[in-house]
Amino acid sequence: MEQVHKSGINCVDIDTSEGKYLLSSTSNGGIAIHDIEECFYHDTFKCKAVATVERTLKDSHKLSVETVQWYPNDTGMFLSSSVDTTLRVWDTNTLEVVENFKLEGMVYHHQMPKNARKHCLVATACEDSRVYLCDLKSGSAIHILKGHSRAVVSVSWSPRNEYLLATGGRDNKVLLWDVRKAVGSILSLDQHNGKGGSRSSTINTAHNGHVNGISFSPGGLHLLTYGTDDRLRLWDTFTGKNTLVNFGRVHNPSRKAVKLCLSTGTSKEVAFVPSGSNIEVYEVVTGKHVATLGGHYNNVNCCTFHRHFQAIFSGANDTNVLVWLPEMNRTGDLIAEPTETGTSAANKVKNPYQDSWSGDEEET
Amino acid sequence: MESAAELSLVEELGDIVGNLTTSGDPSLNNDLMKKLKAICKKSDVYVKHAYHLVLTQLKKKHAEIRLSSFQIINELFLRSHTFREMLLIDFQIFLELTVETDCKQPLPPPKPVAKILKDKVLEAIDIWNRKFGPHYKKLDLGYSYLKRVKNVEFNARSAQTQQSQERERRKRNIVNGQIIRVENEMAEMISEMKLCATEIENCFKLLLPHPDDYEVHCGDEHACTSSKFKQVTNKDVTKSRDVAEVAEVPCENQAIESEMDSKITDTNQENIGKVDDNEKLLSDHGLATRSYQLTIRFDRTGPEIKETVDNSIVLNTVQEFHKELTHKHLPMINKWLSVLSKGEGMQRKIEQLIDLKRTLEAAKTKFLELKIRPLVDDARTVSTQGKADSGSDDEDDDSEEFEDVPEKEGMQLVIPPSERAEYGLEPLSTSHQSPAESSSQVITKESSFLEQFGADPQELGDPTSRATALFQVKDQLLNTDSSSVPNENTKAITDEKRQKLLAQAPVVPFDMDLYFWGDPSAETHKVVKTYLDNNWASKEHEGEYLIGDQKDARSSRMVTFAGSFEPVKWSCRAPLPSGKLCPRRDRVKCPFHGKIVPRDETGSPVSTAGVVPDPVSAPDGSSTSTNDEQNSDSSATDWKEIQLEVEAATGLDLGGKNKRKRRSHSKTSGKKESKSSGLTDLKKGQKTARNRLEKIVLNKKAMKRVADQMDAIATKRCKDKFANQFNYSLH
């Protein structure tokens, strides 16, 4: 992948319609679009940058771009949210901002429902403890969800129910919302399932630390949350109960929103969880640790799963976007074992691995 | 079987790694390393084990251990694929531990070693990447990460070498330019120099013909010698020194004399009547005997040439050439040589130049050896002729006869006795003269004295005449001289002494003490006190008073004499952590590095041999104690060893078992012991100036004392301000 970024990658996203373009945003306000489809058919994995948005541009974000996301239906539009309190809607072809939502605080995360037909709302996790729903149709951000007591760090729309929204915040809570219900959240997830003692009856916490990663399973049946208490939790979205799957400790040094992803279309659902400079791979249902993908040299901020190629793309603070391909000889279960990188990569050649013990050891 | 072998080997592996990493040496022990490699070569199992061992060592917080561990890693990394893969899995950790990629985990002390470690690791990673980068993705990534994110300059080293090469090239260009210039100069000047050399040689030949030349001209020896004699005597040449150049002339001279002698001896022999046939034969040839004793006396003073009208021109030219040689040619040649020696392939030219230089120098020494004695008159004329080129003949005459004397100012006639000799006067000795003698001679003396100064003795009675004035002056002189100057000789000595003292004595401005110098009866100022405003003035209040201690003050004066300031010629030059040397210039002791001792260019103190290391000469005052400890330690260990041997031999218990037990105990935990042996102790307090001062300033007692003092001041102030206020005084 053509090296365009000069600072840490905050977010990567692949367009859902074609799976051809990779969107990435950096902590210095830049956004880049790479063509990734071509690379899969070549020996050397080198992605070309299609377009870049520098910070110096008039329209671009002046501060770290925390989240970027393609418009779910086509690649003509994408959304970006930044620490500079704005959510911008971009026209891809002209690379211009067509809509600019000014919010009250830093935007840690935003998400658009992937399969919403009835509405066109973007949920933004804002610093000021509220979730703003920006309506792309009207261009207003008047719909506010109040419920968190501290900053909201992560949001996720349910793929099954287009009105169901899950948010996680610094108050350790994960709230489930029905966006049609204006009064409040429908549920606050409780890590102890109501057996945690007297205190938990009033304040239900999902984690003992900030909830900075949240993701629905592709089917929408489960919700995976990731907290700074180094825990992953899997929730049943229907009952709102903790499934108590034990993932063990997953080191989570990041204090920003972390984008974790779950595989689709594989025999076993696996979750890719950025953990420090590695990406841990877990089986979702059993909580079994499958693999550790180590290749980054600094905190990994995001990873995203490519449906067609069953590859994951990960971005980290070391300015690299790495592509992890599944090992082809082990078909069936997808374990992204061999590493392929986005930056300046060659496919793995297996020949040079012979040991080179020099002759002088023979004598000794 | 394999597992058993494995176990022992694994143990050995652990020992080797432990020993290697805790040695504290900047480089690895070759033998141990070979053993390690041999073990690792057997199977990947050992490689893995070694990897884990080394990694655990690497995680220890000591830069020296890390450095050694890294060196092992480097060796294995270059050889084993398994090791490479294993290391690359933990490459982030490796980087964190060795090149401090994580700013929260700085490299452990000691700092200089940590710096070396970092440099070496970066260098090694560069090499690794070049060698394995394309095949190990993570290595490549790590490399690019270091390069892009951490901004590590991998090419710094190569850039440095390039820079130095560039500098070298520029230097060479400059040198080449110089050489070309020198060559051009040489082409111009060498012929001139050679000409000069030959000319000067010819001049020498003219002045001092070579003995070989004598024989060439004339066949008849007697004629030749006589003529040569004349020639030589004309020029007043006495030859000497060089045996090869032994002049025929004195030899001939001697020979003639000796002939005469021998004839005499011959006649004696004939008188005795024992005449040999052979001797007869000899005598027939005009030689009396074979056993001549020729004594040739050489004049050791060297050739001397008296300048005459004949050879003055030649001498002048020689002098000119000499001047040219010393002031122009030789320095020039020296310069050329220094330039040419920088260049390459100039051997031939340098040789040529050296030859030339040698000839020129030979000529120069020859000239210096010649003692040219200018005839006084001749020299004068020559010198004046030289001058007279611009002036007229009249002036010449004047200058020949009179010397310019600088005019004296003031009273010329009063000649201080010390300078009488200069004026050509006889020293005064009137004090020793008897009065009778003086009375008889007075008149004649006076008249002669007056005549000497060009005054008429007849005018003596006339008070306006010069003679009277002279006479008065003389009288005055005599009076003073008789009292103060007893002897010329002692006077000279005292003068010398006086000069010395004067040179030392401080100059003070004129003041009252000098005014009253040596006057004991000097009056002191007295003040009459009157108490007019005081009605009840008693008697004692009236009278004369000295002002203060004026009497003493009058005769003495305070002079602050601090001596002259001598600038300090040396600096401390103790090595600083920055790599420079301490530039402080203190006279005796640097406040940071203790007493100033001679140091070499790296700043380590030069221990003067044979000098017992006294506490002051050590760079740090505190280091001596450690020295002593070490000494005592070493002696103790020596004694222990001896004791062990003695005990083993005699079977006696010499005591000190306890210690031995502890030693053996510590041997079981061998790692600890080896660690204490090689590595620098981190816990040992660093001897910095800061620590030293800290110990004093932040001493608990001192702190407490200061705090108490401050408290006391505060309470006192409080009391002063508010003590008389009711509501505050309650508190």
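Predicted model: local features only at pLDDT ≥ 70, side-chain atom pairs only at ≥ 80, totals over all residues.
Student: What is the mean pLDDT of chain B as a whole?

Tutor: The mean for chain B is 68, and 52% of its residues reach 70 or more.

Student: And what does chain A average?

Tutor: Chain A averages a pLDDT of 76, with 82% of the residues scoring at least 70.

Student: Which elements of chain A have the lowest and the highest mean pLDDT?

Tutor: The lowest mean, 32, belongs to helix 1 (residues 360-363) of chain A, whereas strand 13 (residues 152-157) of chain A has the highest, 89. In chain A, pLDDT stays under 50 over residues 329-364. For that stretch the model has 100 contacts beyond four places in sequence.

Student: What ipTM and pTM does the predictor give the complex?

Tutor: The complex receives an ipTM of 0.71 and a pTM of 0.49 from the predictor.

Student: How about accessible surface, and what do carbon and sulfur atoms supply?

Tutor: Chain B exposes about 51,400 Å², and carbon and sulfur atoms supply 54% of that surface. The accessible surface of chain A comes to about 14,800 Å², with 48% belonging to carbon and sulfur atoms.

Student: What fraction of the contacts joins residues at least 24 apart?

Tutor: In chain B the figure is 60%, counted among contacts between residues at least 6 apart in sequence. In chain A, 45% of the contacts with a separation of 6 or more are between residues 24 or more positions apart.

Student: Now helix 4 of chain B. Is this helix enclosed or open, and why?

Tutor: Helix 4 of chain B is largely enclosed by the rest of the structure, because 14 of its 15 residues are buried.

Student: What span should its 15 residues have?

Tutor: At 1.5 Å a residue, helix 4 of chain B should span 21 Å. The C-alpha atoms at its ends are 20 Å apart, which agrees.

Student: Where is B:Gln71, and is this residue buried or exposed?

Tutor: B:Gln71 is found in helix 4 (residues 63-77) of chain B. Its relative accessible area is 13%, under the 20% limit, so B:Gln71 is buried.

Student: Which residues does B:Gln71 touch?

Tutor: Leaving aside residues up to four places away in sequence, B:Gln71 touches B:Pro26, B:Ser27, B:Leu28 and B:Lys120.

Student: What about helix 5 and helix 6 of chain B; at what angle do they pack?

Tutor: Helix 5 (residues 81-89) and helix 6 (residues 91-99) of chain B pack at an angle of about 75°, with their axes 4 Å apart. An angle of 65 to 115 degrees counts as roughly perpendicular, so helix 5 and helix 6 of chain B are described in that way. The contact is made by B:Leu87, B:Leu88 and B:Ile89 of helix 5 and by B:Phe91, B:Gln92 and B:Phe94 of helix 6.

Student: How far is B:Gln92 from B:Asp102?

Tutor: They are ten residues apart in sequence and 9.4 Å apart in space, C-alpha to C-alpha. B:Asp102 lies in the loop between helix 6 and helix 7 (111-132) of chain B. With a relative accessible area of 23%, B:Asp102 is partly exposed.

Student: Back to chain A: what is the phi of A:Leu95, and what is that of A:Ser129?

Tutor: Phi of A:Leu95 is near 55°, a positive value in a residue other than glycine. A:Ser129, which is not a glycine, has a positive phi of about 70°. Most residues other than glycine have a negative phi.

Student: Where do A:Leu95 and A:Ser129 lie?

Tutor: A:Leu95 is in the loop between strand 7 (86-91) and strand 8 (96-102) of chain A, and A:Leu95 is buried, with a relative accessible area of 19%. A:Ser129 is in the loop between strand 10 (121-126) and strand 11 (130-135) of chain A. A:Ser129 is buried, at 16% relative accessible area.

Key:
Residues numbered from 1 in each chain as written. Chains lettered and ligands numbered in written order. Heavy atoms only, no water. Contact = heavy atoms within 4.5 Å. Areas by Shrake-Rupley, 256 points an atom, 1.4 Å probe, with all protein chains shown as cover. Helix = DSSP H or I, 4+ residues; strand = E, 2+ residues; numbered from the N terminus. Buried < 20%, exposed > 50% of the residue type's maximum accessible area, 1.4 Å probe, protein only. pLDDT = per-residue confidence, 0-100. Expected span 1.5 Å × (residues − 1). Axes fitted to C-alpha atoms, helices over the stretch in contact; angles between N-to-C directions. Parallel < 35°, antiparallel > 145°, perpendicular 65-115°, else oblique.
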